[in-house]
Amino acid sequence: HVPVFKVFGKYLLASFEAKILVIHIRRAFERVSYEWLTANKSNISSQQLLFAEQVQLSPSKLALYMEVKEEIQQNGFDITYAGDNTLHVNGLPAVLEQDVRVAELLEQIIDDADKSNNGLGINVADIIHRNLAYSMSVQKALNNSNDHLQELVSDLMQTSMPTHTPGGLLVFYAMSKDELERRFN
């Protein structure tokens with residue numbers, strides 16, 4: 001196991017291959033979750049909500065939702081159209097905690113799909129996976145134990161791009177042993 005130390009509530013210090021890493025915990029969970037989602041996209045099941053949540057959309061956002069709804073539903077969302085620009089969200093991807101803000105998540109997915117609509121087609125699955133990974137990472141960063149944090153470092157290092165989140169933000173900063181020793185001379 002890699003020894004890890006949590007600092008300032010949101011970072012990890014870990015040594016890895018003669019380097020010291022300062023890892024942003026939430027972003028590390030986001031990268032690991034994203035890669036898990038893209039590898040397991042056919043296994044994202046839906047978890048029914050106790051009470052359906054209503055989401056009101058503008059007519060233009062509703063039109064975009066209708067364009068991409070099949071892929072949204074294939075990724076664990078159970079949504080029905082209730083008429084009058086209103087959706088009923090009956091179920092969410094089971095990978096999410098039940099207290100996720102349903103309307104915000106759905107609107108963010110639709111907004112991101114709208115922004116990426118450049119005439120070349122929208123990679124809806126990737127947009128969904130990015131948003132789910134972000135939501136999952138917020139939950140995991142709040143509820144982590146030291147055992148999970150050690151596992152997080154090794155999981156992160158096995159991802160295709162451990163240095164950055166799917167959106168391009170830095171996940172960790174590395175300092176070599178030589179660099180560290182220079183600082184003390």
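Before clicking, one term: buried means under 20% relative accessible area, exposed means over 50%, and partly exposed lies in between (1.4 Å probe, protein chains only). This is a predicted model, where local features need pLDDT of at least 70 and side-chain atom pairs count only at pLDDT 80 or more, while totals for chains, interfaces and linings use all residues. Residues are numbered from 1 along each chain as its sequence is written, and side-chain values use heavy atoms, leaving out hydrogens and water.

Now select Glu30. You're in helix α1, residues 25-39 (helices are DSSP runs of H or I, at least four residues, numbered from the N terminus). Glu30 counts as buried because its relative accessibility is 8%.

Who is around Glu30? Beyond its neighbours within four places in sequence, its contacts (heavy atoms within 4.5 Å) are Arg130, Ala133, Tyr134, Ser137, Thr165 and Pro166. Pro166 sits 136 residues away along the chain, yet the two C-alpha atoms are 7.8 Å apart.

With a relative accessible area of 15%, Arg26 is buried. Setting aside neighbours within four places in sequence, Arg26 is in contact with Tyr134, Ser137, Val138 and Ala141. Show the side chains, and look for the polar contact of 2.8 Å between Arg26 and Glu30 (a pair of N or O atoms within 3.5 Å; within protein, one must be able to donate a hydrogen and the other to accept it, and residues adjacent in sequence count only if both atoms are side-chain atoms).

Definitions and conventions. Helices (H or I, at least four residues) and strands (E, at least two) are DSSP runs, numbered from the N terminus.
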